Protein chains: 2
Amino acid sequence: MTRVNPGGTIGILGGGQLGRMLALAAANLGYRCHIYCPEENSPAFQVADQTTVASYTNEEALTDFARAVDVATYEFENVPAQTADIVSKNTLLRPGARALMVSQDRLVEKEFLADSGVKTAPYQAFHSAAELKEAFKSIGRPSVAKTRRFGYDGKGQQLVKSSKDLDKVLSVTNSTPAILEGFVNFDREISVIVARSASGDVAAYPVSENVHTNHILDITTVPAKVSDMVEAKAKVIAAKVANALEYVGVMTVEMFVSDAKGQIIVNEIAPRVHNSGHWTMDGATTSQFEQHIRAICDLPLGATNARGIIRMKNLLGDDILDNEQYLADPKASFHHYGKSDPRPGRKMGHVTWVDADD
Amino acid sequence: MTRVNPGGTIGILGGGQLGRMLALAAANLGYRCHIYCPEENSPAFQVADQTTVASYTNEEALTDFARAVDVATYEFENVPAQTADIVSKNTLLRPGARALMVSQDRLVEKEFLADSGVKTAPYQAFHSAAELKEAFKSIGRPSVAKTRRFGYDGKGQQLVKSSKDLDKVLSVTNSTPAILEGFVNFDREISVIVARSASGDVAAYPVSENVHTNHILDITTVPAKVSDMVEAKAKVIAAKVANALEYVGVMTVEMFVSDAKGQIIVNEIAPRVHNSGHWTMDGATTSQFEQHIRAICDLPLGATNARGIIRMKNLLGDDILDNEQYLADPKASFHHYGKSDPRPGRKMGHVTWVDADD
């Protein structure tokens, strides 16, 4: 329940665009930020009060970092358990290690969600070709094989349409632990950005509807084109997950929606601010970044209402150079992450339209 | 007309809250900021990529600073002419030295405004007791004596109700050059935040109505309670001033309004973002800080429309500690400037309500 008042120092593990936008939001509330990241010239360094360049296994650097801040948080879910452990021994770590443990491993995540009474796709773990064959028999086709750890943006995944695809699976999972998931037929992908403060208050944003291209988020629209019942149910699920984790901060629950049945299947959870919540910077009273800072500092949570019909588009790679059209559009808000190298597919910025339909 | 694209570096002279909010806005557009300020631990340093601590007369430090940035700007109008000169010899300085020259000296400012066809209070310069007496005879009473240079928040001013007050004037002006201004009867104080880009595009925000307490801005409300004609006239005046100065950046024109006559008198101009424009951070699509960055980098100017009925309140001194009420108010956006010492009267933060009347 410890509160960290404005003027305090927030430590952030990770120096990418999420850490950068967290730091900007924290500064607006009067906090100083200390960014810890192994890569020099990380985007978040440009806006931070203090920076540490060191590996996530450097115990001394982590200890010094943790002792120099009033509360620590992270911008990515693959923070090693050992890193979280060192930090949490020396300062408040919010969200805590449990959220990392659950979200880092698809099997643990599925089991946690099932225990919380939340519906997911059917799944079965496998470690070998024999186990995969058995899982395929039980889950059926089509199905999707996914490595248990370190998958993102579609990496470490293989669609299985027939038994012929099973060999491909093993080359993708590379004999690391994996699960086979039943393929879910859905009409739309949605996500709920939900905050839970150190005091246990919970606030969800309006549901985001997401369209991916090449497994990377392309467009988010708010409100999502779902029924009021689905909107309400999705928020309840997100709150349930946050409460079950005794989560502190902003987290994201990704879901698949089947319109006809009004059915929601939870796909995965991310213990952090999320690309599908970027619209909140311009489209909500409180951005997801400020909300995360409020939650981990145990300030009151801010208002989550949307300012209208909103569309957010990711700018990948060279898209960022073609910014004149966004800067000249009176309804658009343009964001650039300060990265100098626009590699193909790299998240370089985003643009948000408020009252997109006017 | 040189454009500075996102990814470039912006130099800011001055490290207070205005520099800090400029740096935060610049970062959002992908620029790196280099803050130059004589005071260590300046608030803007906490969010800057690069910092220089040196005096405004340090030619070597100024030259290095100017050469390290793509465009330089400033957060305060009392940048010494020599400083501006050194910087502008080594990089783009926007706004340019003329805006400083005009706004630093009340006499030059009045003469410039008169030449631009803009109405001001009657005024007369004086250098001595004899000249003051003569000015008093011509301007009449009540009148206000003001030092020509370095006045702000009511400093260097003396109300003259009768000839008995003339002695007080000389102790306040301390025998520096000054002017005696006719006292203007007005119903309200307003200001217009106006941007002019390097390409010559001009965009004004809705008129701000300002209430001062102890000569320091307390509350700004938007829209101002003025007629449509006064609103339109005020914007025209601001644009006229910006164009006459061939100004580049955001500037502020303070005015007095007499409701019955629909008369507008220009009080003074500030060649910078302004406290009475802080509402634009939450209440407009483009904040005055982002607008200034757009203007000096020659990007298209952003939309200036207000999001509703808006109220901004300054938090001075200890006000900043009493922040729970603002953080817990769903219509309020709270801003803290990261200053650690809440001296009485010091600007520590502000709070903005959008749709304040709902």
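**Figure 1. Contacts and overall form of chain A.** Two residues are said to be in contact when their C-beta atoms, placed from the backbone, lie within 7 Å. By that criterion, residues 24 or more positions apart account for 62% of the contacts in chain A with a separation of 6 or more. The structure is a predicted model, in which local features need pLDDT of at least 70 and side-chain atom pairs count only at pLDDT 80 or more, while totals for chains, interfaces and linings use all residues. Residues are numbered from 1 along each chain as its sequence is written, and chains are lettered from A and ligands numbered from 1 in the order in which they are written. Chain A has 11 helices and 18 strands, where helices (H or I, at least four residues) and strands (E, at least two) are DSSP runs numbered from the N terminus. The C-alpha trace of chain A spans about 60 × 55 × 40 Å along its principal axes. For 358 residues a compact globule would have a radius of gyration near 21 Å, and the 20 Å of chain A agrees with this; the radius is taken over C-alpha atoms, and the globule rule is 2.2 Å times the number of residues to the power 0.38.

**Figure 2. The domains of chain A.** Chain A is divided into domain 1 (9-93), domain 2 (122-182) and domain 3 (188-354), with bounds that come from an automatic or database domain assignment. Between the C-alpha centres of domain 2 and domain 3 of chain A the distance is 29 Å.

**Figure 3. The contact between chain A and chain B.** Chain A and chain B each bring 27 residues to the contact. On the side of chain A that touches chain B, the elements giving two or more residues are α1 (17-28) and β17 (332-336) of chain A, and β17(A) gives the most, with 4 residues. The residues of this side divide into 13 nonpolar, 12 polar and 2 charged; here Ala, Val, Leu, Ile, Met, Phe, Trp, Tyr, Cys and Pro count as nonpolar, Asp, Glu, Lys and Arg as charged, and the others, Gly among them, as polar.

**Figure 4. The axis that relates the two chains.** Chain A is superposed on chain B by a rotation of 180° with 0.0 Å of shift along the axis, at an RMSD of 0.0 Å, which is the relation of a two-fold axis. The superposition is by least squares on the C-alpha atoms of residues with pLDDT of at least 70 in both copies. The same surface serves both copies, since 100% of the contact residues of chain A recur in chain B. Of the residues of chain A, A:Val47 comes closest to the rotation axis, with its C-alpha at 2.2 Å.

Figure 5. Of the 358 residues of chain A, 53% count as buried, a residue being buried if 20 or more other C-beta atoms lie within 10 Å of its own, exposed if 12 or fewer, and partly exposed in between. A nonpolar core is a set of buried Ala, Val, Leu, Ile, Met, Phe, Trp, Tyr and Cys residues joined through C-beta atoms within 7 Å. The largest such core holds 194 residues, of which A:Ala23 and B:Ala23 touch the most other members. Leaving aside residues up to four places away in sequence, A:Ala23 touches A:Ile12, A:Cys33, A:Ile35, A:Ala44, A:Val47 and A:Ala48.

Figure 6. A:Ala97 lies in helix α4 (residues 97-104) of chain A and is partly exposed, with 15 other C-beta atoms within 10 Å. Apart from residues up to four places away in sequence, A:Ala97 touches A:Ala81, A:Ala84, A:Asp85 and A:Ser88. In the loop between β5 (92-93) and α4 of chain A lies A:Pro95, joined to A:Arg94 by a cis peptide bond with omega of about -5°. In chain B, the buried residues of α4 are B:Ala99, B:Leu100, B:Val102 and B:Ser103, and their cover includes α3 (81-90), α5 (106-115) and β15 (263-270) of chain B.

Figure 7. Most residues other than glycine have a negative phi, and most peptide bonds are trans. A:Asn214, in the loop between β12 (208-213) and β13 of chain A, has a positive phi of about 50° although it is not a glycine, and A:Asn214 is exposed, with 9 other C-beta atoms within 10 Å. The peptide bond from A:Val222 to A:Pro223 is cis, with omega near 0°, and A:Pro223 lies in the loop between β13 (216-222) and α8 (228-244) of chain A. A:Glu246, in the loop between α8 and β14 (249-258) of chain A, has a positive phi near 45° and counts as exposed, with 12 C-beta neighbours inside 10 Å.
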